[in-house]
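Hi,

Here is the structure I said I would pass on.

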Amino acid sequence: MSIMKALSRISGVSLATVGALIFIGAPAQARHFEKHFPVTSKPVITVRNPSGNIQVKAWNKPEVMIATDYASDKLQIASEQAGDRIEVETQIVGQNPSADELKANYVVSVPEEAELQVRTDSGDVNVDSVHGNMTFDTVGANLQLSDVEGYVIIKSIDGSLVCTRCAGSLDATSISGSFQLIQPSMDSVRVQTSSGNILFDGNFLRRGIYILKNYSGTIEVRFSPSDSFDVTANSLYGKVYNEAPVKPDLHGNTRPPRYSNALFGSVNEGNAKVELSSFSGTIKILKRD
Amino acid sequence: MGEKARTTMLCHELEDIFSREPDSALPPSAAEHLETCTVCRALAADLKAIRLASLELPAEEDAPTRVWARIRLELEAEGLIREPRLEEERGSAANWFFFQRPAFAGAVLALLILAAGLVGVRRTRTGTNLAADLNPVSLPASDDQEASLTSTEAGIESLQQVDPQVQAVFKRDLALVDDAISKCEKSVREQPGNDLAREYLYDAYQQKAQLLAVAMDRGTLGGR
């Protein structure tokens with residue numbers, strides 16, 4: 001009997017312990033914010049979220065929907081609308097939030113022509129099929145843009161960009177982030193990073209200007225035989241590899257640099273302008289497969 | 001800032017002295033504080049670097065209002081400061097906070113002045129390298145400026161950045177940019193007529209200024 005009592009006491013204690021552990025280990029209660037904002041024409045949406053993912057996609061409704069999931073009561077989501085201008089922000093209202101407690105994940109649905117302004121520190125940002133102008137101000141957040149148009153401005157410290165089938169113009173700077181432009185259809189590209197790599201795999205549009213610059217790392221551009229561009233490639237301490245049929249500069253205004261490993265000239269009629277520059281990185285001008 | 005308890009003067013009292021009497025000799029208590037406080041030493045080095053750098057500006061830029069107006073324009077053009085926006089009405093005046101952190105603001109301004117100096121040299125160039133060869137770029141060779149450009153890591157540590165990942169990014173990229181500055185400076189010294197090297201040095205200064213401004217913005221304002 002005493003053995004039975006002891007066993008039942010032990011099992012009671014164990015159950016209480018297990019219960020307590022389950023309670024402690026359980027994820028914090030999820031919180032959800034969702035709001036719909038009716039708009040008339042091209043809304044401008046500003047999202048400020050220090051940490052977490054932001055997904056923006058286009059839909060064909062005349063409204064903006066913002067949904068946020070977060071786990072901590074140290075955060076609150078604030079939003080306001082003034083006509084077609086909508087702002088939403090993750091605010092810290094509690095003391096000393098941990099990195100996990102800072103996270104808020106956004107899903108934003110917008111009309112196709114919407115303009116975006118996104119400010120975030122870490123997390124992933126995905127934008128799909130939005131055609132308005134957009135600006136991104138990030139520290140370490142990685143951007144993935146697909147089928148976007150308009151004028152895109154990116155300022156980042158460590159964030160990388162993968163831009164797939166992007167059209168319009170791009171002005172992007174980062175310190176250690178890399179940039180990949182895949183099948184772009186852009187007539188103005190200015191990209192600068194310090195230690196990141198740059199890949200441009202697409203057609204150079206006639207009258208387009210493409211300026212790709214890094215300090216170290218690799219700059220790679222891939223061209224097709226029908227592309228027409230003037231090219232200048234300079235690497236002060238790195239190498240320049242070229243597979244393009246470069247002729248002497250048709251427009252005659254390029255002076256040979258004195259110090260760097262350089263390539264310059266025209267491919268076909270030289271309609272577009274391509275400037276590739278690196279301090280110690282490698283520059284590759286390769287034929288597209 | 002953690003070392004201020006060891007001295008009779010506090011950091012903010014020293015900052016007051018710097019802002020009220022930037023050119024006068026420091027009282028003994030301030031000197032004693034500087035001996036033990038790395039952050040204030042960095043601030044003193046920053047201010048000294050600004051004074052040295054401003055001496056190298058062209059004569060016509062001497063008028064203080066023009067210098068500061070130019071710096072402000074540069075900061076605005078680079079997006080390092082901006083006019084307060086509607087959404088920042090909750091008292092988070094970024095520019096004010098920017099200049100309330102003198103160590104960082106000093107470093108950023110020193111970098112921009114140095115970068116502006118490089119631009120000035122670049123703009124005087126003609127189609128040949130002759131001008132640069134005759135008038136080589138002046139680089140921050142003094143120990144004080146070196147200290148100014150490298151002492152900001154302690155400042156990044158002191159920011160109230162709550163996300164350690166983000167703080168790690170700032171620290172790592174600061175090291176990257178410092179390394180780039182060092183290599184570009186070496187290159188410019190070896191080849192004073194090298195436009196590309198000078199351009200990369202200018203870019204590196206700009207990147208460092210941008211990085212410090214963003215770090216401060218995210219740290220002091222919570223980045224949000």
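Of the 289 residues in chain A, 41% are buried. Bear in mind that this is a predicted model. The secondary structure of chain A comes to one helix and 24 strands. As for how the chain folds back on itself, take the contacts in chain A with a separation of 6 or more: 47% of them are between residues 24 or more positions apart.

Next, the interface. On the chain A side, 30 residues are in contact with 25 residues of chain B. Which strands of chain A each supply at least two residues of the side that touches chain B? They are strand 2 (44–51), strand 6 (85–92) and strand 8 (115–122). Strand 6 of chain A gives the most to that side, with five residues. By residue type, the side of chain A that touches chain B splits into 13 nonpolar, eleven polar and six charged residues.

I also took a look at one serine, S188(A). You'll find S188(A) in strand 16 of chain A, which covers residues 185–193. Is S188(A) buried or exposed, or something in between? It counts as partly exposed, because it has 15 C-beta neighbours inside 10 Å, and a residue needs 20 or more to be buried, or 12 or fewer to be exposed. If you skip the neighbours within four places in sequence, S188(A) is in contact with S169(A), G208(A) and I209(A). For a sense of distance, V267(A) lies 79 residues from S188(A) in sequence, and their C-alpha atoms are 18 Å apart in space.

Cheers

Definitions and conventions:
Residues numbered from 1 in each chain as written. Chains lettered and ligands numbered in written order. Predicted model: local features only at pLDDT ≥ 70, side-chain atom pairs only at ≥ 80, totals over all residues. Contact = placed C-beta atoms within 7 Å. Helix = DSSP H or I, 4+ residues; strand = E, 2+ residues; numbered from the N terminus. Nonpolar A, V, L, I, M, F, W, Y, C, P; charged D, E, K, R; others polar.
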